[in-house]
Each structure stands twice: as structure tokens, then as C-alpha cells.
Amino acid sequence: MLAPRFHPPGFHGGPVRLAALTLVVAGLAGCAGKATAQYSDSMRTGPGVAADKITVAALTDLTGPYAPLGKGVTQAQRLYFDRFNDAGGACGRKVELVVRDHGYDVRKAVTAYTEVAPHSAAIPQIIGSPITAALRARIEADRVLTVPQAWAHTLLGSKYVQIVGTTYDVDMVNGVEFLTKEHGLRAGDRIGHLYLQGDYGDSAVTGSRWAARQSRLELVEHEVAPTDNDMTAAVAAFRRAGVRAVLVSVGPLQAASLVGASAAKGLDVPFVASNSAFAEQLLDTPVGPYFEKDFYVLSAAAPPSAPIEGIRQVARDYRKTYRGQPVDLAVIAGYGAAATVGEALKKACSMRDLSREGIVAAHRSNSQFLTGLGGPAQDYSRWTVPAARSAYVLKPDRDELGGLKIHRQPVESPLAEKYTPPS
């Protein structure tokens, strides 16, 4: 996937296969074993913590459909921990990031987790909602702090799984508010929502349905499979329904087909998308000008073009370290997730408890976390609700770093403030 936010859509094996695999994973929960704390020089330690090193693990996609995302996130996390170590690490210990490629295959991810989790103090990256869901029972049994690159609201509710930023449903609630405020949608108007089958789309449409009811809008839904690449039928359905705007929760290639077909068929409406629906590379295609015209992207993370010194420094360091590699939202998101774990390690160190439970306790004690990369403060003290409810509204622009510029600063809409994600 070339999209920056990065939620990989659903696992293609279907709900029965995923449920069965989850039961298998749950049955294996004892394999890694619960962490056994040890004490050394008054410091409580646990798995992944040695006298001079702390090991953390990333389960990423470097060879599957989201390889560009996995590459950007992983390189950004290596950059963060290199800087973290240069600054002294945690309690004099350097952090080592161990990377395993699951190719966006749940079974491979289970195998990789079995290999690295027993020797890891935290997991700053798991790509994929279905993969995170399949591993959740083991993550909770192992009591290991885990930060997925996935934003389905169904991942909420675990003390050990930290979603950074907004969830997909909250983004769609904010998207509806944005359309009513800036594009004049009123009660009785129809609004389309194109979304993927699976965790990503299911979470997004949960938010759009709720927001449409609250705003007295009529929601016209169109679900597509991850293998569908021609959105002509969706455009035809939206035109027949007379929608005045379209919410977009698909992959970038599908978004490109949607925008291109809309231009060809005369569907001239604003599009508001989850940031998984956009990739900078789309601006260099024939539909690039249509993305720049009336397409908006919701993101809890600030774009690489933001005039924020922390982001500028990350961009400079990333370009220097990974010459010729794109600096996009994947880089910012990966760096921010690593910073979430890094700050938990530093705080756990100050509390003299580098056990897994100590790291989680340190992390959960932070109700106003700021990475220095822009965006809203994160409330990590609660795990049944999103860490943030406000997001940037970004606008594609080929002349900006990362292909996006800020259209609106993060504001928690009255709708998002009232919304409670279903359990």
C-alpha cells in the first residue's frame, strides 16, 4: 500500500477463517509465557531487557501489498531509535529494533510473533488491523505494550494495545462535520460513502452512519472488495442518488478510480477520505489534478510539509539517512509510534521498573502526550476510547513535501465530542 495512514484493509480469508485463526492464536497464548520480572541493581526488569540493551520488535510488511508503508514506517522507527540511543537511551541501555516481515499474512505474523515476542520489551509496530486482532490474545497474555499501524475502533479496549491518534470511525464523524460546515450540507441531503470490506471499512462506516443520523443526512453506502479496482459502478450509484459529497475509505488505487470516474461522469462533489485512501504518487498520474481540486484527507498526524520544527528535523534526518526515499505520512506516523514507546521506556526507567508491566504502567500514566510532531495531545491513560478525537484536514498538493498541505488545523468537532465508539 502506498497510502500513508496506513490501515491495511481486511484479511482476505474471511471472518470464519480469521475467527478460527484467532482461536488458535489464543490457544497458543501460553507459548511465550507471561513475563517474569527480575531485579538488578534495584531496577526491575523483564523480557527484552539486558544490562546494556533493550530489545523491541516490529512486525511489518516489506514484501506484501503494503510494502511501501512498511518500509517508510520501519525506516522512520530505526531513525528514531538511533537518535534515542545517541541521546543516551534508557537507563544507559541502547534500544535495538528487531524487524520481521509478515508480508501481510496472518499466519506468518503469528510465526514472527512467536519468534520475537518472548525476547522483546515492547512492540512499536504491527501493520494491519486483522493481524493485530489475531495476535491480541497473546499480546494481552504477554502483557507487552504494542502500537499497531492500524486504526479500527474494534482494537480499542486493551490495556496493552495503543492506537495512536483517531480511529477510522472518529475520522468519518469529523468528515461529516467538515462537510456540513465548509461545503454547506444540510438536513435531508444525501452523502455517499465508498468503503472496503473488512475492519477498515466496517470501522469507518460505523462512524459515518452515526454522524449521518445526528446530522439528519441520508447516507448512500457502497461497499467494495479489496480486489475491486474499477469504481465506475459506485460513481453511477452515487450519481443516481444525487449525493452532494462522498466519504472515501478505500485504498489509493480505488480512490484514483473513484476520482477519475467521477470526473468522466460529471460527479462534481467534494471527497473526504481516510488517509489510507491517498498516496503522494497519485499526484503524478492523469487523475492528479482532480485530487488537487476537491479531495480532502483526514489525519491525526501533521503532514511532512507542516511548518513544525520537529517535523522539519525528522524530514532532514530521514532524507540524509535514506537518500532518495519519499518523506510521507508513513514516516511521520512511524516516528510518532516509536516515540510513544521511547517515552514509555524513559518514564519506566525513571520509575526503576523496566518490566513489561512497568513499561505499560509508565505509558498509561501519560494523559497529555505530545511527540513534538504536531497534532493533538494524546490521552494514553484510557484504553477504551480513542487517544485523540481531532484531526487535520489536509489537501493534496504536488508542490508540497509528501504531497499534502494543511487545509484546517485539528479541531474536535461537536459531533466527535459526543460520539462514543461502540464496544
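User: At about what angle to S9 does helix H9 run?

Analyst: This is a predicted model. Helix H9 covers residues 252-265 and lies across S7, S8, S9, S10 and strand S11 (295-299). Taken against S9, the direction of H9 is at about 155°.

User: In what order do the strands of the seven-stranded open sheet stand, and which of them are at the edges?

Analyst: The pairing in this sheet is mixed, and the order is S8-S7-S9-S10-S11-S13-S14. Neighbouring strands are turned against each other by 30° on average, direction ignored. Each edge strand has a single partner strand, so one side of it is left without a neighbour in the sheet. The edges are strand S8 (218-224) and strand S14 (404-408).

User: Which residue in S9 stands opposite His193?

Analyst: Strand S7 (residues 190-196) pairs with strand S9 (residues 246-249) in the parallel sense, over four bridges. Within S9, the residue opposite His193 is Leu247.

User: What angle does the direction of H7 make with that of S7?

Analyst: Helix H7 packs on the seven-stranded sheet. The strands touched by H7 are S7, S8, S9 and strand S10 (271-274). With the direction of S7, that of H7 makes about 165°.

User: How far apart are the axes of H6 and H7, and is their crossing left-handed or right-handed?

Analyst: Two packed helices are described by the angle between their axes and the distance between the axes. For helix H6 (residues 168-182) and helix H7 (residues 199-215), the angle is about 35° and the axes lie 7 Å apart. Their crossing is right-handed.

User: How many nonpolar residues does the contact of H6 with H7 have?

Analyst: On the H6 side, the contact is made by Tyr168, Asp169, Met172, Val173 and Val176. They meet residues of H7 including Tyr200, Ala204, Gly207, Trp210 and Ala211. By class, four residues of the contact are polar and one is charged, while the nonpolar ones number eight.

User: Which are the edge strands of the four-stranded open sheet?

Analyst: The order in this sheet is S4-S3-S5-S6, with parallel pairing. From one strand to the next, the twist averages 20°. Two strands pair on one side only, and these edge strands are S4 and strand S6 (145-149).

User: Which residue is the bridge partner of Ala58 in S5?

Analyst: S3 also pairs with strand S5 (residues 122-127), in the parallel sense over three bridges. Val56 stands opposite Ala122. For Ala58, the bridge partner in S5 is Gln125.

User: Which helix packs on the four-stranded sheet, touching S3, S4, S5 and S6?

Analyst: Helix H4 (residues 106-116) lies across S3, S4 and S5, and runs at about 175° to S3. The helix that touches S3, S4, S5 and S6 covers residues 329-350, and its direction makes about 170° with that of S6. This is helix H12.

Key: Residues are numbered from 1 along each chain as its sequence is written. This is a predicted model: local features need pLDDT of at least 70, side-chain atom pairs count only at pLDDT 80 or more; totals for chains, interfaces and linings use all residues. Side-chain values use heavy atoms; hydrogens and water are left out. Two strands pair if DSSP finds at least two bridges between them. Axes are lines fitted to C-alpha atoms, for helices over the stretch in contact, and angles run from 0 to 180 degrees between N-to-C directions. A crossing is left-handed if the near helix is turned anticlockwise from the far one by less than a right angle, and right-handed if clockwise. Contact means heavy atoms within 4.5 Å. Ala, Val, Leu, Ile, Met, Phe, Trp, Tyr, Cys and Pro count as nonpolar, Asp, Glu, Lys and Arg as charged, and the others, Gly among them, as polar.
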